[in-house]
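Work through the following exercises with the sequence and the model side by side. Try each task before reading its solution.

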Amino acid sequence: MSVWRRAWCRQLLAVSIALLTLLHTMDVNARPAVNISSLKEKNPTIKDDNEILPPDHLNGVKLEMDGHLNKDFHQEVFLGKEMEEFEEDSEPRKNRMKLMDIFIKVDFNKDNSVSAKEMQRWIMEKTEEHFQEAVRENKLSFRAVDPDGDGHVTWDEYRVKFLASKGFNEKEMAEKIKNNEDLKVDEETQEVLESLKDRWFQADNPPADQLLNEDEFLSFLHPEHSRGMLKYMVKEIVRDLDQDGNKQLTLSEFISLPMGTVENQQAQDIDDDWVKERKKEFEDVIDANHDGIVTMEELEEYMDPMNEFNALNEAKQMIAVADENQNHNLELDEILKYSEYFTGSKLMDYARNVHEEF
């Protein structure tokens, strides 16, 4: 069991109570309650644009690091970098105009409808946007851990910066590491350090020199864009879910509920939805050959954000959700009507306004 899952289990009860008070975070695909990002909060002076910890959530990837389904995946691959513009409290008219503008861009041949191929093309563009954003953020992150600007970072150098971001004295930690002394950190921090070290050496491309350059550091922070690190991420997820140790996943393993539940009907309903959605995803999408077993290769293909075949399947699924006239294309009024699915923001009075604004 990985550090992400162990930490998650330790604080499950507290998180479950919090989930009951925050309905929008009670989604069946909720992200891990306890993870690396919890350590970031201990030192609020660290700036987001100089973040040095791998993110727990990866935009445009179908599974979270702990194996949960990414509940925002549809919005991420449809909106790309514009996702943050569709806030829940944004003025509906403005959001409607933004969505109409997106429709015009997706409709590449300008026939007032969106085909699966056009949606596939758009999804690939938006996924590339997420990648380019990761590259930009990585430059800032790498600069934060490579102050001397020599273009390489050792594990010890990174470890010092990580501990400093947690509030430890940087000079003191650097001296202890240099002298190979006991760092005397808490158990959670030590577990995260061990997990990060494993991930660090996985990102170190052959010939291994225990140094990461900027590209390797990008793989360390964003494993979804490196084939080797994507394999590593898949192995970690399978290891957490695989109950019999055969390095494959059955349906029962994939839909097994996490340890512990909240003792009320509301939580039971959440668990039921969680199982149903994971079962559908396993059977319809992940298990490519429908033999009831998901191999590491199948899971890797499923999680690859730049897989064009996956993008086409996703495009077809997105169209099917809103295709009320069953013509296998999307018209503007259909996208506006199902705006909550595409943007996470429900637009009111879509029918009354579609013709007067488009």
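Contact here means heavy atoms within 4.5 Å. Helices are DSSP runs (H or I, at least four residues), numbered from the N terminus. This is a predicted model, in which local features need pLDDT of at least 70, side-chain atom pairs count only at pLDDT 80 or more, and totals for chains, interfaces and linings use all residues. Residues are numbered from 1 along each chain as its sequence is written, and side-chain values use heavy atoms, with hydrogens and water left out.

**Exercise 1. Describe the packing of helix 9 with helix 11.**

Step 1. Locate the helices: helix 9 spans residues 187–203 and helix 11 spans residues 227–241.

Step 2. List the contact. Ser-195, Asp-198, Arg-199, Gln-202 and Ala-203 in helix 9 meet Met-229, Tyr-232 and Glu-236 in helix 11.

Step 3. Sort these residues. The contact of helix 9 with helix 11 divides into 3 nonpolar, 2 polar and 3 charged. Ala, Val, Leu, Ile, Met, Phe, Trp, Tyr, Cys and Pro count as nonpolar, Asp, Glu, Lys and Arg as charged, and the others, Gly among them, as polar.

Step 4. Take the geometry. The axes are 9 Å apart, at an angle of about 145 degrees. Axes are lines fitted to C-alpha atoms over the stretch in contact, and angles run from 0 to 180 degrees between N-to-C directions.

**Exercise 2. Which kind of aromatic pair do Tyr-158 and Phe-217 form?**

Step 1. Set the cut-offs. Rings of Phe, Tyr and Trp (its six-membered ring) pair if their centres lie within 6.5 Å; planes under 30 degrees apart count as stacked, over 60 as edge-to-face and the rest as tilted.

Step 2. Apply them. The centres of Tyr-158 and Phe-217 are 6.1 Å apart, with 65 degrees between the planes, and the pair is edge-to-face.

Step 3. Tyr-158 lies in helix 7 (residues 155–165) and Phe-217 in helix 10 (residues 214–221), so the pair ties together parts 59 residues apart in sequence.

Step 4. Check burial (under 20% relative accessible area, 1.4 Å probe, protein chains only). Tyr-158 and Phe-217 are buried.

Step 5. Widen the view. Ring pairs link Phe-142, Trp-155, Tyr-158, Trp-200, Phe-217 and Phe-220 into a cluster.

**Exercise 3. Is Leu-218 buried or exposed, and what does Leu-218 touch?**

Step 1. Leu-218 lies in helix 10. Its relative accessible area is 12%, so Leu-218 is buried.

Step 2. Leu-218 touches Phe-131, Ala-134, Val-135 and Asn-138, not counting residues up to four places away in sequence.

Step 3. Leu-218 and Phe-142 are 76 residues apart in sequence and 8.4 Å apart in space, C-alpha to C-alpha.

How values were computed
Helix = DSSP H or I, 4+ residues; strand = E, 2+ residues; numbered from the N terminus. Buried < 20%, exposed > 50% of the residue type's maximum accessible area, 1.4 Å probe, protein only.
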